[in-house]
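The sequence and the structure are shown first.

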Amino acid sequence: MDSHETDYLIIGAGAAAMAFADELLSKSDARIIMVDRRDKPGGHWNDAYPFVRLHQPSKFYGVNSRELSQPTRDASGPNEGLYSLASGTEVLAYFDQVMQQRLLPSGRVQFFPMCNVTADDAFESLLTGRRHRVTVRKRVVNSAYWTFDIPSTRQPKYSVAPGVKCVPPNLLPRMAPPSDNFVVVGPGKTGIDACLWLLDHEIDPARIHWVMPRDAWFINRAKIQPGDEFLLGFLRSLTQQFEALNAAADVADLFDRLEAGGELLRLDPQIAPTIYRCATITDAELVQLRRIGNVVRKGYLKAVDHDRLVLDQGEVGLMPNTLIIDCSASGISRKPKAPVWNGNRINVQMVRTCQPTFSAALIGFIEATFTDDAEKNALCEPVPNPVVDTDWLRMLAVSTRNRMSWRVHPDIETWLARSRLNSLFAAMAQVRPEETEKLVALKRFQDASAAGLAKLPQLLAGLN
């Protein structure tokens, strides 16, 4: 057995782990060991389908010390005019560069791929079984507190009759011979991407069935664009959200107002969404998705026979030579809230709505800067992972509480102003006195925010 000493043992080398380690490296002289069961950094991106892209601009994803990609705007396609979305290949290459060109050359980071951390905070090789004992001087960092349910890493939860073609989206580009019909199972980001991929490849929408147990609310991607040129629009978007919050009679009315203002989008205006997963979409993508008329809303899929789909609330006939595309994995799991700082462990979680790498980097900064665990936890209340529609409101409440607690600490305010991952909000602090239109918009947002936050407890009280 090999023996090691380190200040921090980081479980995982995914996006959150990389963002945390990068920040700790910048703000301290700590030594770090990172252990991951995969053979390279990037976490669940290693298991993603080949046509996956970020659903948020690349400009505020990744680690603080290095841009993910050039901050350019797409000149064509459904994301036209908006900041680019890195492909899965780009994201994996980026994290590999961060490891090889930033973390390892520091001389303070060791990376052990293809290894599993054991219950005693040792780790062992998945290839040889060789064990490594670790003496951790400061913290064990559980960046894998979030677990990801990915179609390519597990079997469908419904049964599939022998001979029926059922694949994860990873295999979709390699399927041959061609299929006559397609069934996409799952309403989330992966299901959206699979449907758009089929449509982009000129599959007739009539040949696609989309199994959707529950409809989802989507974030309008045009409303969350970084860059000075989008600042006025971003301020108006935030203002509309808080004005909707203040004016809403109840939660249903709130979502109606958010949709009317273009903040949230849904597939079918006649169907009330009941889930929310932070997925973003553009109006152009929504137009394409609405071309699919065969949306199956009969509950969860139970079984796929040769000639039919069996669902909670009925059956749907299955045409010959149909390919089932399993996109039913749930993505980020929902776990009970745990303190970020808990004894000798750090449980990395989101501390701002839908911003995992920003959250991990901020936790790394606070770990390096503050000493009292109670104070650290007060600054970083975990934001619940999004599952149901009303989590939009719950996430907003926690994110806002965190933001208000950060304001009273100059060190955090300075970090926020300089953080690449905070570029969406940092532009607000950079408005100059002569930019009167922006100052007026900022004042309106501040007023709306105060009024909306006063109404927030009433709406939260109405949730189950």
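## Helix packing and cysteines

Helix 4 (residues 231–247) and helix 9 (residues 391–406) pack at an angle of about 115°, with a distance of 13 Å between their axes. Axes are lines fitted to C-alpha atoms, for helices over the stretch in contact, and angles run from 0 to 180 degrees between N-to-C directions. Helix 4 and helix 9 are therefore roughly perpendicular (65 to 115 degrees). Contact (heavy atoms within 4.5 Å) involves Q241, F242 and L245 of helix 4 and W392, L393, L396, T400 and R403 of helix 9. Helices (H or I, at least four residues) and strands (E, at least two) are DSSP runs, numbered from the N terminus.

The model is predicted: local features require pLDDT of at least 70 and side-chain atom pairs pLDDT 80 or more, while totals for chains, interfaces and linings use all residues. Residues are numbered from 1 along each chain as its sequence is written, and side-chain values use heavy atoms, leaving out hydrogens and water.

One disulfide is counted (cysteine sulfur atoms within 2.5 Å). The disulfide joins C278 to C354, with an S to S distance of 1.9 Å. C278 lies in strand 14 (residues 275–281) and C354 in the loop between strand 22 (345–347) and helix 7 (356–369), so the pair ties together parts 76 residues apart in sequence. Both C278 and C354 are buried (under 20% relative accessible area; exposed is over 50%, partly exposed in between, with a 1.4 Å probe and protein chains only).

| Cysteine | Relative accessible area | State |
|---|---|---|
| C166 | 23% | partly exposed |
| C380 | 1% | buried |

The sulfur of C380 is 17 Å from the closest cysteine sulfur, in C354, too far for a bond.

Methods. Angles under 35 degrees count as roughly parallel, over 145 as roughly antiparallel, 65 to 115 as roughly perpendicular and the rest as oblique.
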